[in-house]
Amino acid sequence: MSRCLRIAPTDNVAVALEPVAAGIRVAVEGASVTTREDIPQGHKLALTAIPAGADVIKYGYPIGRARTEIQPGQWVHTHNLATRLDGAGAPQAQVRGGAPAPLRPRSFQGYRRADGRVGIRNELWIVPTVGCVNGVARSMARRVEDYARGRVDGVHVWFHPYGCSQMGEDQEHTRAILCGLIRHPNAGAVLVLGLGCENSSIAVLQERLGRWDSQRVAFLECQAVEDELAEGERLLRELADRAAADRREPVGADELVVGLKCGGSDGLSGITANPLAGRVTDRVIAMGGSALLAGVPEMFGAAGVLRALPALVEEFKDYFTRHGQVVYENPSPGNKAGGITTLEEKSLGCVQKGGNTPIVDVLHYGETVRRRGLTVLQTPGNDLVSATGLAAAGAHLILFTTGRGTPFGAPVPTLKLATNTALASRKAGWIDYDAGGLAQGDAWEPHIQALLQLVLDTASGAPTRAEAAGYREIAIWKDGVTL
């Protein structure tokens, strides 16, 4: 008998944990049906008759309405299930739990900076203020790579095309992200590289930064020196020498900030990797640490399940409508191929990455984490834009869950959690952790302990798959005209 899962007792659909052929008898808690057609892995089948217009229930909440009458054992997907969302609001429900019981913090080996903050890498970063100097930054990095090897964990340039010809909030987005990277404690030292005539000039960024550690951060304006490559190499060598003086030391997990993001989700995301990330998040927060949950458009269908989130969702809806776009143009084609039909379904699975801990704060894009516990960060759903926002907000590392796989890496270590074992086996060079066993009956606690240990090991210096492959980049949210 094929394995299917009824997530909540009130659900009228089950999820196929493996492909189910037509004519197979399926038994789940409280129901037994014969499939009327083939059901792909991660997709839904009806457990009861669902009248046309009635709610389809998954995770204990409506994920849409039946387009037509659905018979028991029938495949439930885009052909017979439609969203309930029309811009008027999301279904209201409160699924957040209480604060977890405190746990004694475990430790990792981190870098204590002069200002008291902690980093989990000791890298040398070059942050261009404007896209015009990207090529110069690349040349500088090449010149200093051999010298920096052994002194720092790596030399990285955060290329981007912005910093000039921007206005208003669009320009402020760029400045906020660049300043967040300049401040990030994973960088043992930073060279801020400017041109000299851009809108987001060094002087403008310095004013926004306020105070900075002159031993850790240096500035170079290319138009102000005769040989920018020679001067840049000199500054980078000095910065590498200073960063080399920092050493790892024991640090409590109460100082760890974990970013949370999903991408290329499938029908198993809300059953395996997302709730696993959520349970590890609960443990980190119980030890006094922090977590940042990003990707607001992916939460549209669950605005009612996260306290303090609706106002942020409404701001994002306004952003969509200002640009004349459909608010609920989601899930993606890849999501649908993996079994996710509506935004409500995607959202209810997405928010599980935050665990059951109450939200303590909400940050706008470009703001930095300011409270311990679970914070929702305003970012678009785009993977790299969102992950960059998490890094700039202060995440030390990111737990990224995926059902279809992706190779990218953010400015901070990005751990990829596969929702299914087939992906983990096929893309071993991309995936850091296989959560697929949870769909095959594995006990939860060993997975929680294993992923938590992987988080602490990564914080102590163990490279992620993306780091080992050299996949590191940024993307800044573009929201405005270009002059």
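A: Strands (DSSP runs of E, at least two residues) and helices (runs of H or I, at least four residues) are numbered from the N terminus, and two strands pair if DSSP finds at least two bridges between them. Residues are numbered from 1 along each chain as its sequence is written. Because the model is predicted, local features need pLDDT of at least 70, side-chain atom pairs count only at pLDDT 80 or more, and totals for chains, interfaces and linings use all residues, while side-chain values use heavy atoms, with hydrogens and water left out.

Q: Over how many bridges do β12 and β13 pair?

A: Strand β12 (residues 123-128) pairs with β13 over three bridges, in the parallel sense. Within this pair, L124 stands opposite V155 of β13. Contact means heavy atoms within 4.5 Å.

Q: Which strands pair with β10?

A: In a regular strand the side chains alternate between the two faces of the sheet. Here β10 (residues 107-112) is joined to β16 (residues 248-252) by five bridges, and the two run antiparallel. β10 also pairs with β11 (residues 118-119), in the antiparallel sense over two bridges. Y111 stands opposite R248 in β16 and opposite G119 in β11. β10 and β11 form a hairpin with five residues between them, and G116 in the turn has a positive phi of about 95°.

Q: What is the order of the strands in the antiparallel open sheet?

A: The order is β1-β2-β5-β8, four strands in an open sheet with antiparallel pairing. β1 and β8 (75-76) are its edge strands, each pairing on one side only. β2 (residues 13-16) and β5 (residues 44-46) run antiparallel and are joined by three bridges, with A14 opposite L45 of β5.

Q: How is the packing of two helices described?

A: The description gives the angle between their axes and the distance between the axes. For α5 and α11 (residues 444-459), the axes come within 9 Å and cross at roughly 65°. This crossing of α5 and α11 is right-handed; the term applies if the near helix is turned clockwise from the far one by less than a right angle, and left-handed if anticlockwise. Among the residues making the contact are P275, R279 and R283 of α5 and W444, H447 and V455 of α11. The contact of α5 with α11 divides into ten nonpolar, two polar and three charged residues. Ala, Val, Leu, Ile, Met, Phe, Trp, Tyr, Cys and Pro count as nonpolar, Asp, Glu, Lys and Arg as charged, and the others, Gly among them, as polar.

Q: What volume has the largest pocket, and which helix gives the most to its lining?

A: On a 1 Å grid over the protein atoms alone, a pocket is an open set of points with protein on both sides within 12 Å along at least five of seven lines, a cavity is a set where a 1.4 Å probe fits but cannot get out, and lining residues have an atom within 4 Å of a point. Grid points are joined across faces, edges and corners, and a volume is the space filled by probe spheres set on the points. The largest pocket has a volume of about 590 Å³, and α5 gives the most to its lining, with six residues. Of the 30 lining residues, G270, P275, R279, Q352 and N356 lie nearest the centre of the pocket.

Technical notes
Axes are lines fitted to C-alpha atoms, for helices over the stretch in contact, and angles run from 0 to 180 degrees between N-to-C directions.
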